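Subject: Structure for your files

Hello,

Here is the structure I said I would pass on. My notes on it follow below; please read them with the model open.

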Number of protein chains: 2
Amino acid sequence: MKQVKGGITAAKGFYAASTAAAIKYKDRKDMAMIFSKTPCKAAGTFTMNLVKAAPVKWDQKIVKDSRGVHAVVVNAGIANACTGQEGMDYCKETADYAAKLLDVPSDSICVASTGVIGMQLPMDRIKNGISVMVPELNDTLEAGHGASQAIMTTDTHEKEVAVQVELSGKTITIGGMCKGSGMIHPNMCTMLSFVTTDANISKELLEEALREDVKDTYNMISVDGDTSTNDTCLLLANGEAGNEEITEKNADYEAFVKALNFVNTTLAKEMAGDGEGATALFEVKVIHAKTKEQAKVLSKSVITSNLTKAAIYGHDANWGRILCAMGYSGAEFDPEQVDLYFGSENGEIKIIENGVALDYSEEEATKILSAKAVTATADIKMGEASATAWGCDLTYDYVKINADYRS
Amino acid sequence: MKQVKGGITAAKGFYAASTAAAIKYKDRKDMAMIFSKTPCKAAGTFTMNLVKAAPVKWDQKIVKDSRGVHAVVVNAGIANACTGQEGMDYCKETADYAAKLLDVPSDSICVASTGVIGMQLPMDRIKNGISVMVPELNDTLEAGHGASQAIMTTDTHEKEVAVQVELSGKTITIGGMCKGSGMIHPNMCTMLSFVTTDANISKELLEEALREDVKDTYNMISVDGDTSTNDTCLLLANGEAGNEEITEKNADYEAFVKALNFVNTTLAKEMAGDGEGATALFEVKVIHAKTKEQAKVLSKSVITSNLTKAAIYGHDANWGRILCAMGYSGAEFDPEQVDLYFGSENGEIKIIENGVALDYSEEEATKILSAKAVTATADIKMGEASATAWGCDLTYDYVKINADYRS
């Protein structure tokens, strides 16, 4: 497996475009489009929030019933959530309009929205945007990069990644892009993530690969504990790499899954590290757990603890808050058996042993916690399972961004 | 029932004292003591966090086994949590020392601590503090007030309340004090709350009254979603009011429970409104729910949503975040049936009807949300149950307080 440049257009046969459609933002790109001439097998995971945005409901149906997906139309600025029947009608109108210009069926078009809840989409501008993008669709890396910029809301930078892997002599590519960066506490999937691949794989295995992988990637990150109404991860496979179709869990499937995991892990970590207002990526590993589920519950409880997140912002080795968050997680463990370490590019330090503080150097701990990415590792000495969760620190800027009127 | 002045010394026969013992703070009171010559029946509810502070373990045993509680010794600054066997030994040493000076049995002394996790108590100063306080024990309201000041950590003001109620011709009094104001997301009880009463009531009914009441009071507040290691609520009844002992669920019991609920609700709301960095109390009511449990899950989900809390700080009627938080709560409801109102001393406004925004005045909504206490009411139109939860806004100061080194 090797990492290559690009994102959603890295795989063969995928085109992208983006434009400034003035949906809500002035002077910046806010619409993007992904297109494949070859119809794609599609897998999707979506928010578990009971309040689902209209595009989520639309895509769930498309992914389930469509004979093949050709395109995705995305806008930033307005989420099209809590918009009633009018919002649902706009999804159909968007798909119909794009389908006509692309000369493909309406039920081959997915839509995705991100932004303010409760506002209706300005359909004239959405249609103008589509009209501008269709003739500009391009399979260059630049076109994919433009799309990754257009879908951002409070993100501070675009997020894309691509890898290549050999499957029985053929090179296949998986590329993706995503955006955060508030209301991030995915349950089944993250806010908006789009992954494309030219691999030839059965729809069943494509769906299983995605469903299993989100559990260890997007579902292990949190920015603020708020599960969005719009969480969507779409995985499109057009088969243009020409590999023999993967129809069983053989070595090719394992290689595909490993590459997909790399793409999703990279995007998920990028999202956590670029959480609203964040100054640091906060990684929490729980090791030697009895079960993976136990390790997941414990690590997620720590990355969602406001007190711990504020301490990370302050570069304070406030280990008591970490033990406290593990304690209220609901998972069983013996607090008096826990060893805890902090680590970063600046070194590693053991802070507590068997639940009690060691005589560590606060100065050294602060230095370690001052890096852009810090890791807390809890050894709970119960078994062989482990899990990793990713969050970020809680900062003034998080409050500023979200207290500002209707962000 | 009528509210009267005072707190823990309002009921007959309760004495208090407080002192500056330099446990961790300089120049302020940081130790308090409650005392009753008559041994008290005691009820207690404690943190559900798996990581329990030493004083919690001590008090659980005392409340369960003691023939009568005479005193509580409290310190602020150090939590005596994650302190191993040494921390447990200090609870006994504290109780033994106080018992000797008070001439009562060791197992009639409860202890409570609040503050930093992981540090050991300076026992010489704890003992000095007790030596100073014992001769100063007094049943004046001022003595109780001093105690309510001494137990504060990041609280901005002391919290006490008292009520009187007639039970079969005798007046009984219930008074209490508590402290917050971070790591507040009680599960079974709040951080530290002490309630005293001169009512004569059986231990069984005292315990049941407290156990049931915390579910609607302390367990319905949250400041930051972090369930503390030290949550403790102690209810002491010395029977000095001389009423006929309450041994069954008669009218006297109902009157007692109602008065207890008033005391606990008042203290719980005070704690939420004085949450770390808070500028406003944020009350969320869910009405017309199918079950009370459903209403509780929904209302608690909203008050713990960081995004909603930040919007309240910004006086922004960002109702989409409220619906979103209800949606990921895990409770079932129909988003397209929800009506939502905002209210405060500045008026009331209906924001959404059947899940879709009304054409309300943003200016009026902002005015309503600019009050010191704001209420969001969600009508979910499913039945007759309701619940109320109390939280606060998320502010720069919350981050400041908790990012500052080892608060």
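In chain B, helices α8(B) and α9(B) pack with their axes 9 Å apart and at an angle of about 155°. An angle over 145° counts as roughly antiparallel, so α8(B) is roughly antiparallel to α9(B). Their crossing is left-handed. On the α8(B) side the contact is made by Leu307(B), Thr308(B) and Ala311(B), which meet Arg321(B), Ile322(B) and Ala325(B) of α9(B). Sorted by class, this contact has 4 nonpolar, 1 polar and 1 charged residues. Please bear in mind that the model is predicted.

The axes of α8 of chain A (residues 306-313) and α11(B) come within 8 Å and cross at roughly 70°. The two helices, α8(A) and α11(B), are therefore roughly perpendicular to each other. Leu307(A), Ala310(A), Ala311(A) and Tyr313(A) come from α8(A), and they meet Val399(B), Asn402(B) and Ala403(B) in α11(B). Here the classes are 6 nonpolar, 1 polar and no charged residues.

As for the interface as a whole, 48 residues of chain B and 48 residues of chain A take part in the contact. On the side of chain B that touches chain A, the elements giving two or more residues are α8 (306-313), α9 (319-327), β13 (356-357) and α11 (396-403) of chain B. The largest share of that side, 6 residues, is from α9(B). By class, the residues of that side of chain B divide into 24 nonpolar, 18 polar and 6 charged.

How are the two chains related?

Now the sheets. Chain A has an open sheet of 6 strands with mixed pairing, in the order β13-β12-β11-β14-β10-β15. β13 (356-357) and β15 (385-392) of chain A are at its edges with a single partner strand each, so one side of each is left without a neighbour in the sheet. Strands β11 (residues 339-344) and β14 (residues 373-379) of chain A run antiparallel and are joined by 5 bridges. Within this pair, Leu340(A) is opposite Ala378(A) of β14(A). Helix α6 of chain A (residues 251-273) lies across β10 (281-289), β14 and β15 of chain A, at about 45° to β15(A).

In chain B, 6 strands form an open sheet in the order β13-β12-β11-β14-β10-β15, and the pairing is mixed. Its edge strands are β13 and β15 (385-392) of chain B, each of which pairs on one side only. Strand β11 of chain B (residues 339-344) is joined by 5 bridges to strand β12 of chain B (residues 347-353), and the two run antiparallel. Leu340(B) has Ile352(B) as its bridge partner in β12(B). Helix α6 of chain B (residues 251-273) packs on this sheet, touching β10 (281-289), β14 (373-379) and β15 of chain B, and makes about 45° with the direction of β15(B). Helix α7 of chain B (residues 292-303) also lies across β10, β14 and β15 of chain B, running at about 20° to β15(B).

Regards

Definitions and conventions. Residues are numbered from 1 along each chain as its sequence is written. Chains are lettered from A and ligands numbered from 1 in the order in which they are written. This is a predicted model: local features need pLDDT of at least 70, side-chain atom pairs count only at pLDDT 80 or more; totals for chains, interfaces and linings use all residues. Two residues are in contact if their C-beta atoms, placed from the backbone, lie within 7 Å. Helices (H or I, at least four residues) and strands (E, at least two) are DSSP runs, numbered from the N terminus. Ala, Val, Leu, Ile, Met, Phe, Trp, Tyr, Cys and Pro count as nonpolar, Asp, Glu, Lys and Arg as charged, and the others, Gly among them, as polar. Two strands pair if DSSP finds at least two bridges between them. Axes are lines fitted to C-alpha atoms, for helices over the stretch in contact, and angles run from 0 to 180 degrees between N-to-C directions. Angles under 35 degrees count as roughly parallel, over 145 as roughly antiparallel, 65 to 115 as roughly perpendicular and the rest as oblique. A crossing is left-handed if the near helix is turned anticlockwise from the far one by less than a right angle, and right-handed if clockwise.
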